[in-house]
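Please look over the sequence and the model shown below, and keep both at hand while reading this report.

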Amino acid sequence: MIPLHDWMPGWGHWRLGQRLKGTVVAGLFALFVLLGLWHARTIWGSLLHTASKLSGAEVVYTSRDLDFLVTSLFVVAMLVLIVLFSGLSCRRRRQAEHLAKVPEGQWSIVWRQFQRNPLAVAGVVIILALYLVAFLCPFIAPYDPIDQGDRVRERLLPPSAQHLLGTDRFARDVFSRVVYGSRISLLVGFLSVGIAVTIGTIVGAMAGFYGGWIESLIMRFVDMMLSFPVLILIITVIALWREQSIWIIITVIGLMSWMGVARLVRAQFLVLKEREFCQAARALGAGNSRLIFRHLLPNSLTPIIISATLRVGNTILLEAALSYLGLGVQPPTASWGNIVYDTKGNLFTEWWMPLSAGLAIVITVVGYNLLGDGLRDALDPRLRE
Amino acid sequence: MNDTRPPQLQVRDLKTHFFTEDGVVRAVDGISFVLDKGRTLGLVGESGCGKSVSALSVMGLVSPPGWIVEGEILLDGLDLLEVPESGMRQVRGNRISMIFQEPMTSLNPVFTIGNQIMEAIRVHQKVSRNEARDRAIEMLRKVKIPAPETRVDEFPHQMSGGMRQRVMIAMALACGPEVLIADEPTTALDVTIQAQIMELLAELQSDLKMSILLITHNLGLVAEVSDHIAVMYASKVVEYTGTRELFASPAHPYTHGLLTSVPTLGMPRDRELNVIPGQVPNPLHFPSGCKFHPRCPLAEERCQTEEPLLEEVQPGHWAACHMIEGGSLPLSGVNP
């Protein structure tokens, strides 16, 4: 049985002497409680609206309604998850205290190492905050990002209490657009890198493991892909498509940026497959697939994770560049790149508009790079004292 | 000591060659030996004489550019060279296991040792995770790791070299193999740990009724634990006999040289240690005739042209040398 106070976010951890953890958990819980109360009406209304739609009533249900539903569910789910986390984490802590020696896993060592680096922690906080913003868009943004106001009287307003960053030439609230733009950037960064890492790992693993002509063939293909200027190649591919959607951009960026990962994984495999534990595994009857998935891949994970993290920043920049060129996310959907594009004519008069979107890009990329650097330092055993 | 037992592993005229860009390296060039059931055979020789390649050939783990070009490897009558790779995977770890020289690097650093022993079991046997875990703990107890219930969840980096070698042994023996190939199992360990590991192996051998092929360059080690010894020189077995017999009356001049070059306790301090002159020949350019003739004190003209065959010079005592007369060498040197 888990005592009641362990379920109280923060309290259990404080009682166990984990004050920092307790404070963070309690703070997050308070944040979501406040959000829930503040938007209680919206959440309730969204749930009711969805329920009536599901029961077959004739109501208008737009993508914005879906947006609100997802965010409402997210807030509720986070409240439940935080409570669950506090209870279970306290229980684990109590169980560990009974053991004479707490076994320290690889990841807890890494985490301890990571915490010593304030810049890396800042990176994590930035990234987590951005994901939070992306999930909570409808609650944070005061307006619908594509909703045009009165185009005569509300056009190009300066920053004010109603419009924190003013309005653009279509009388849309720029702050809301920047908040919604976070979704695009984070989505593109996450999914494109996911695609690139998956392809790169498979291709690199094949080349490194099998060697011989397979390796030559694959690596020459990689060289060929690398010799194209990426941006121009991507522009060409996107231009060949009739319609432009965020999914196509994600896929194309992913398909064009796996080569670095492939090289990295191949190099790792070449080194690792000569290590004695691989021969030992073979001598104990392991076949090729077991060798790859149990021995080589887990040991290559560290550099893959690091390079993926560092790559996210690049990808976000690439998407911003494409959107700025008008080839990325299409208006009226907001993305940081096309906000800069939309407002570049106002650069000298309403400079805060392009600046806010540009700053958002910079902060995100810096956050990912700090995280990647921190991970590299924390995961490298040679840098440990 | 002299009762005969059925052979567990027979190697006949095994040739493993490496086809490199510089030419053909005859790493193993026609070796034969017999490992009897429940016995230990020591395979002794200098670095680079082909001991480890012989072991890898038996395991079927020679990778290109190396190929087994000729020979027979019979495991209880089954010719392993006829078995396809998929079948060999069933043999490795299940019927023949191998432990390696470097316990520090022979374990996968990212998994717990329990996880790795469980894997070794589950490759060959369909058992549940819980059952495999229980057996892993049982194996750790067998190799005398203290507190196996807690150490099973430790990572390799949390253990010492001797402990890791014990874990390796536990992994290798988890499926109860008939043959264990130990490739320099104690070279990387310090002397006291060496003795413990060898003692453990001997204990497990009688416990599990397995045969051990012990590969080493350490004559003291084989003298203590093996029943038979095969001495290798330049990709060939030059002498093969019982341990006592070998140490009492070595037939081959190379073996003789090896035995007299080991310093013994109580040896006069000013006496110079006997050394074998010259160097191990380069396997790309072996000398003609007997490969030992450039370094042999007894070499005659015949030795330079004609390669001696492994012949039975005494009952159960095989050697490959032209100069043997009536089962012994015309050497005036003292036998150690």
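## Terms and origin

A residue is called buried if 20 or more other C-beta atoms lie within 10 Å of its own, exposed if 12 or fewer do, and partly exposed in between, with the C-beta atoms placed from the backbone. This is a predicted model, in which local features need pLDDT of at least 70 and side-chain atom pairs count only at pLDDT 80 or more, while totals for chains, interfaces and linings use all residues. Residues are numbered from 1 along each chain as its sequence is written, and chains are lettered from A, with ligands numbered from 1, in the order in which they are written.

## A glycine in chain A

A:Gly12 belongs to helix H2 of chain A, which covers residues 11-15; helices (H or I, at least four residues) and strands (E, at least two) are DSSP runs, numbered from the N terminus. A:Gly12 is buried, because 25 other C-beta atoms lie within 10 Å.

Beyond its neighbours within four places in sequence, A:Gly12 is in contact with A:His5, A:Asp6, A:Ser86 and A:Cys90, where contact means that the C-beta atoms of two residues, placed from the backbone, lie within 7 Å. A:Gly12 and A:Gly22 are 10 residues apart in sequence, and their C-alpha atoms are 7.3 Å apart in space.

## The eight-stranded sheet of chain B

Chain B has an open sheet of eight strands in the order E6-E7-E8-E3-E9-E10-E12-E11, with mixed pairing; two strands pair if DSSP finds at least two bridges between them. Strand E6 (96-99) and strand E11 (311-314) of chain B stand at the edges with a single partner strand each, so one side of each has no neighbour in the sheet.

Within this chain, strand E3 (residues 40-44) and strand E9 (residues 228-233) of chain B pair in the parallel sense over four bridges, and B:Leu41 has B:His228 in E9(B) as its bridge partner.

## The four-stranded sheet of chain B

An open sheet of four strands in chain B has the order E2-E1-E4-E5 and antiparallel pairing. Its edge strands, each pairing on one side only, are strand E2 (23-36) and strand E5 (78-79) of chain B. Strand E4 (residues 66-75) of chain B runs antiparallel to E5(B), joined by two bridges, and B:Leu74 stands opposite B:Asp79 in E5(B).

## Where the chains meet

The contact between the chains takes 27 residues from chain B and 17 residues from chain A. On the side of chain B that touches chain A, the largest share, four residues, comes from H3(B).
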